[in-house]
Amino acid sequence: MDLVLRALVLFAGVYLLLRVVGRRELAEMEPIDFVLLIVLGDAIQQGLTQDDYSVTGAFIVITTIAAIQVVVGYIAFRSKRMRVLMEGEPVVLIENGNVLEKNLRRARIAEDELAEEARLSQVASLRDVAWAVLETSGRISIIPKQS
Amino acid sequence: MAGAAPDHIDLGRHRDWEGRTYERWLPNFLFGLICLLPLGALLGLFGQTPDTQTVANPHGMATMTLIAPTKIRSGLLFQARFDIHAQRDIKDAVLVLDSGWLESMTLNTIEPSPSSESSSDGSLALDLGHIPAGKLWRQYLEFQGNPVNAGSQSQGVSLYDGNVPLLHINREIRVWP
């Protein structure tokens, strides 16, 4: 029973933590983020299974987490309000070539970072961007102006 | 030209933040909550810094100092040290530990080993034997909190000379899951 409770508590804790950390930080995987992700996983594992090395224990944990994930996904699918709460909402960063400074600040994104995303989408200048949207996944969608 | 907003993008909400006032304070509030945890840990709220408690017999028979954490996290190892200073001869020192010392705790070591162990009304009685006047008896107990253990339990400890109570320390230990 304690394994299921631990899995539930840790899932909720990690979910909350990742929402607070911010989507952009999670979408960008720098080497330090990769290392921190491994450290995070290791720290969680110790609290989750502790001294339980059994296959049964491992299955209880992974099936619990899988079940919670499915339930959370279903709730998000069924309720727009819950989806907004759990996943956040998109943020418009550029409209018709105009960088929306206030939204950049709120999303903690620097303009040169945005320009980098535009270049990755084969757009040389932010002025040529029709729409840039920070998606709930943390990625930035770049829609170029139509010439 | 930019034209119409992309599908499912509501300019009111997604550009101008209409109806999203909670997103201004909620992330900061949650971030503050998260920061409380390491701050509490730095202040020792979650263990396991040892606490020191000393009691003295009112008739000058002995003093006892207990150095052990009062807050631990389940699964961790910790030590309890009992320093018994006999100011007068204690013919048959018996250290009695509340059941909370052993309930869902693993007792790894008792050093030095008592001459006998028994149960005394559900408590653990360790017979230490004779402690001459002016001598120090240092008793070590090494524990590990069991992983499933959580909550608060009484860890009172008493020192007897035979059946005569000499000292008592009242304490509780909190085990964080």
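Predicted model: local features only at pLDDT ≥ 70, side-chain atom pairs only at ≥ 80, totals over all residues.
## Helix 1 of chain A

Helix 1 of chain A runs over residues 2-21, and its 20 residues reach 28 Å from the first C-alpha to the last, close to the 28 Å expected at 1.5 Å a residue. Its buried residues are Leu3(A), Arg6(A) and Ala7(A). Because these residues cover an arc of only 95° around the axis, they lie on the same side of helix 1 of chain A.

The cover over these buried residues includes helix 3 (31-49) and helix 4 of chain A, whereas the face of helix 1 turned away from the buried side carries the exposed residues Leu5(A) and Ala12(A). After helix 1 of chain A comes Gly22(A), which has a positive phi, near 105°.

Helix 4 of chain A has 24 residues and spans 34 Å between its first and last C-alpha, close to the 34 Å expected at 1.5 Å a residue. This helix is hardly covered, since the count of buried residues among its 24 residues is zero.

The axis of helix 4 (residues 55-78) of chain A comes within 5 Å of the axis of helix 5 (residues 80-87) of chain A, and the two cross at roughly 125°. That angle makes helix 4 of chain A oblique to helix 5 of chain A. On the side of helix 4, the contact is formed by Val72(A), Ile75(A) and Ala76(A), which meet Met82(A), Arg83(A), Met86(A) and Glu87(A) of helix 5. Sorted by class, this contact has five nonpolar and two charged residues, with no polar ones.

## The contact between chains A and B

Chain B gives 17 residues to its contact with chain A, and chain A gives 18 residues. On the side of chain B that touches chain A, the elements giving two or more residues are helix 1 (11-15) and helix 2 (22-42) of chain B. By class, this side of chain B has 11 nonpolar, three polar and three charged residues.

## Leu42 of chain B

Leu42(B) belongs to helix 2 of chain B. With 9 other C-beta atoms within 10 Å, Leu42(B) is exposed, because a residue counts as exposed when 12 or fewer such atoms lie within that distance. Leu42(B) and Ala150(B) are separated by 108 residues in sequence, and their C-alpha atoms are 21 Å apart in space.

Conventions. Residues numbered from 1 in each chain as written. Chains lettered and ligands numbered in written order. Contact = placed C-beta atoms within 7 Å. Helix = DSSP H or I, 4+ residues; strand = E, 2+ residues; numbered from the N terminus. Nonpolar A, V, L, I, M, F, W, Y, C, P; charged D, E, K, R; others polar. Axes fitted to C-alpha atoms, helices over the stretch in contact; angles between N-to-C directions. Parallel < 35°, antiparallel > 145°, perpendicular 65-115°, else oblique. Expected span 1.5 Å × (residues − 1). Buried ≥ 20, exposed ≤ 12 C-beta atoms within 10 Å, placed from the backbone. Arc of directions from axis to C-beta.
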